[in-house]
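This briefing walks through one protein chain for a reader who is new to looking at structures. Please keep the sequence and the 3D view at hand while reading.

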Amino acid sequence: MNRFTIQLDEIKAAYAAEPNPILEVRLERIGRIEKMIEANEEKLTKALIADFGVRHSVETRLAEF
């Protein structure tokens, strides 16, 4: 089993355990995602620029974040 398969299995198990979380839980999770994006914006931007090739960082930030 590869790393991706293990992560996918974990995601499926988490969904099965709580398929419809309450609003407060969903908002808290969205907040955590926002914080992770903000904390890693530079790394994410560099990865996306490398993936697209020649792309300005401003364009990446506007289009992706």
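Leaving aside its neighbours within four places in sequence, which residues is Glu18 in contact with? In this predicted model, the residues that Glu18 contacts, once those neighbours are set aside, are Val25 and Arg29. The points below begin with the chain as a whole and then turn to its parts.

**The chain as a whole**

- The protein chain contains four helices and zero strands, and its elements, read from the N terminus on, follow the order α-α-α-α.
- The radius of gyration of the protein chain is 16 Å, which is well over the 11 Å that the globule rule gives for 65 residues, so the chain is more spread out than a compact globule.
- Of the 65 residues in the protein chain, 6% count as buried.

**The loop between H1 and H2**

- Glu18 has its place in the loop that lies between helix H1 (3–17) and helix H2 (23–39).
- Glu18 and Thr45 are 27 residues apart in sequence, and their C-alpha atoms are 32 Å apart in space.

**Helix H3 and what follows**

- Helix H3 has twelve residues and reaches 16 Å from its first C-alpha to its last, which is close to the 16 Å expected at 1.5 Å a residue.
- Just after H3 comes Gly53, which takes a positive phi of about 90 degrees.
- Lys46 lies in helix H3, and at 55% relative accessibility Lys46 counts as exposed, because the cut-off for that label is over 50%.
- Between the C-alpha atoms of Lys46 and Ile11, which are 35 residues apart along the chain, the separation is 26 Å.

**How H3 and H4 meet**

- Two packed helices are described by the angle between their axes and the distance between the axes.
- The axes of helix H3 (residues 41–52) and helix H4 (residues 57–64) come within 10 Å and cross at roughly 105 degrees.
- H3 and H4 are therefore roughly perpendicular to each other, because angles of 65 to 115 degrees count as such.
- On the H3 side the contact is made by Glu41, Glu42, Thr45, Leu48, Ile49 and Phe52, while on the H4 side it is made by Ser57, Thr60, Arg61 and Glu64.
- When the residues in this contact of H3 with H4 are divided by kind, three are nonpolar, three are polar and four are charged.

**Two residues of helix H4**

- Thr60 is found in helix H4, and Thr60 is buried, with a relative accessible area of 0%.
- Not counting residues up to four places away in sequence, Thr60 touches Thr45, Leu48, Ile49, Arg55 and Phe65.
- Glu59 is also found in helix H4, and at 44% relative accessibility Glu59 counts as partly exposed.
- The C-alpha atoms of Glu59 and Glu42 are separated by 13 Å, and these two residues are 17 residues apart along the chain.

Key:
Residues are numbered from 1 along each chain as its sequence is written. This is a predicted model: local features need pLDDT of at least 70, side-chain atom pairs count only at pLDDT 80 or more; totals for chains, interfaces and linings use all residues. Side-chain values use heavy atoms; hydrogens and water are left out. Axes are lines fitted to C-alpha atoms, for helices over the stretch in contact, and angles run from 0 to 180 degrees between N-to-C directions. Angles under 35 degrees count as roughly parallel, over 145 as roughly antiparallel, 65 to 115 as roughly perpendicular and the rest as oblique. Contact means heavy atoms within 4.5 Å. Ala, Val, Leu, Ile, Met, Phe, Trp, Tyr, Cys and Pro count as nonpolar, Asp, Glu, Lys and Arg as charged, and the others, Gly among them, as polar. Buried means under 20% relative accessible area, exposed over 50%, partly exposed in between (1.4 Å probe, protein chains only). The expected span of a helix is 1.5 Å times one less than its number of residues. The radius of gyration is taken over C-alpha atoms; the globule rule is 2.2 Å times the number of residues to the power 0.38.
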